Amino acid sequence: MADMSRIDQLKNVVEQNPNDELGQFALGNAYYDAKLFAESGPCFQRVLAINSQNSKAYEMLALTQKMTGHPDLAIQTATNGFRIAHRRGDLMPMKGMENLLRELNAPVPTVVEKTSGSASAAAVASDTAFTCRRCGSTGPQLTKQPFKGALGVTIFESVCQSCWKEWVGQGTKVINELRLPMYDPQAQETYDKHMKEFLLID
Ligand SMILES: [Zn+2]
């Protein structure tokens, strides 16, 4: 049975502070439990706009997308989320998204095990071989810098085409969900922060 009083309570919380990650997540869960999937989706989207590393939100968003009849989107979200969960060592969401991908007959991404020497090894090898810092694939690489400046160079040198494409999709959501005015330098800074987190750039 839908617990509408809890939903109303949480709605109040996020209306007061739309960038409250925990509040948005709790509201999304409450909607999901009440089977109000059209409402839970935007909450989890917003959680991810606030914190692109929240692996549990990827899992819940993917489940929501499955429930609303969008298996293609669910696969995309779970694939992305699986990688993030793996990198963060979030075992439960990782397992959950793995199960979801198998259920939807989608491949579970191969993940690169982190070793202490891998960063320097990758740097040494960068002249000869390309390895994407985010997904560990060997390409294809971007054909040119996505934008000017040092960050553009870093991305060109270390992020593969498909990860960049994933970010462009996620970046648009970040702008929309956080209502970032991109002419504002502070908004640009927020956007760059999300981009670096997403692409695993320190
Ligand atoms: Zn990649």
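This report covers helix packing and some backbone features in a predicted model.

**Helix H2**

H2 runs over residues 21–33 and has 13 residues. Its first and last C-alpha atoms lie 18 Å apart, close to the 18 Å expected at 1.5 Å a residue. Several residues of H2 are buried: Gly23, Gln24, Phe25, Leu27, Gly28, Ala30, Tyr31 and Tyr32. The cover over these buried residues includes three helices: H1 (4–16), H3 (37–50) and H4 (55–67).

**Two helix pairs**

H4 takes part in both pairs described here, with H2 and with H6, which spans residues 91–103. The table sets out their geometry.

| Pair | Packing angle | Axis separation |
|---|---|---|
| H2 and H4 | about 30° | 11 Å |
| H4 and H6 | about 25° | 9 Å |

Take H2 and H4 first. They pack at an angle of about 30°. Angles under 35 degrees count as roughly parallel, so H2 is roughly parallel to H4. The crossing of H2 past H4 is left-handed. On the H2 side, the contact is made by Phe25, Gly28, Asn29 and Tyr32. On the H4 side, Ala57, Met60 and Thr64 meet them. By class, this contact has four nonpolar and three polar residues, with no charged ones. Among the H2 residues in this contact, Phe25, Gly28 and Tyr32 are also on the list of buried residues.

Now H4 and H6. Their packing angle is about 25°. H4 and H6 are therefore roughly parallel to each other. H4 passes H6 in a left-handed crossing. H4 brings Ser55, Lys56, Tyr58, Glu59, Ala62, Leu63 and Lys66 to this contact. H6 answers with Pro93, Gly96, Met97 and Leu100. By class, the contact of H4 with H6 has six nonpolar, two polar and three charged residues.

**Positive phi values**

Lys35 is not a glycine, yet its phi is positive, at about 60°. Is Lys35 buried or exposed? Lys35 has 10 other C-beta atoms within 10 Å, and a residue with 12 or fewer counts as exposed, so Lys35 is exposed.

Leu200 also has a positive phi of about 60° without being a glycine. Leu200 sits in the segment after helix H10 (185–199). Leu200 has 17 C-beta neighbours inside 10 Å and therefore counts as partly exposed.

**The loop between H7 and H8**

Helix H7 covers 118–125 and helix H8 covers 150–158. The loop between them holds Pro140 and Gln145. Which bond joins Gly139 and Pro140? A cis peptide bond does, with omega at about 5°.

Gln145 counts as partly exposed because 14 C-beta neighbours lie inside 10 Å. What does Gln145 contact, leaving aside its neighbours within four places in sequence? The contacts are with Gly152, Val153 and Phe156. These residue numbers fall within the 150–158 range of H8. Gln145 and Leu180 are 35 residues apart in sequence. In space, their C-alpha atoms are 24 Å apart.

Conventions:
Residues are numbered from 1 along each chain as its sequence is written. This is a predicted model: local features need pLDDT of at least 70, side-chain atom pairs count only at pLDDT 80 or more; totals for chains, interfaces and linings use all residues. Helices (H or I, at least four residues) and strands (E, at least two) are DSSP runs, numbered from the N terminus. The expected span of a helix is 1.5 Å times one less than its number of residues. A residue is buried if 20 or more other C-beta atoms lie within 10 Å of its own, exposed if 12 or fewer, and partly exposed in between; C-beta atoms are placed from the backbone. Two residues are in contact if their C-beta atoms, placed from the backbone, lie within 7 Å. Axes are lines fitted to C-alpha atoms, for helices over the stretch in contact, and angles run from 0 to 180 degrees between N-to-C directions. Angles under 35 degrees count as roughly parallel, over 145 as roughly antiparallel, 65 to 115 as roughly perpendicular and the rest as oblique. A crossing is left-handed if the near helix is turned anticlockwise from the far one by less than a right angle, and right-handed if clockwise. Ala, Val, Leu, Ile, Met, Phe, Trp, Tyr, Cys and Pro count as nonpolar, Asp, Glu, Lys and Arg as charged, and the others, Gly among them, as polar.
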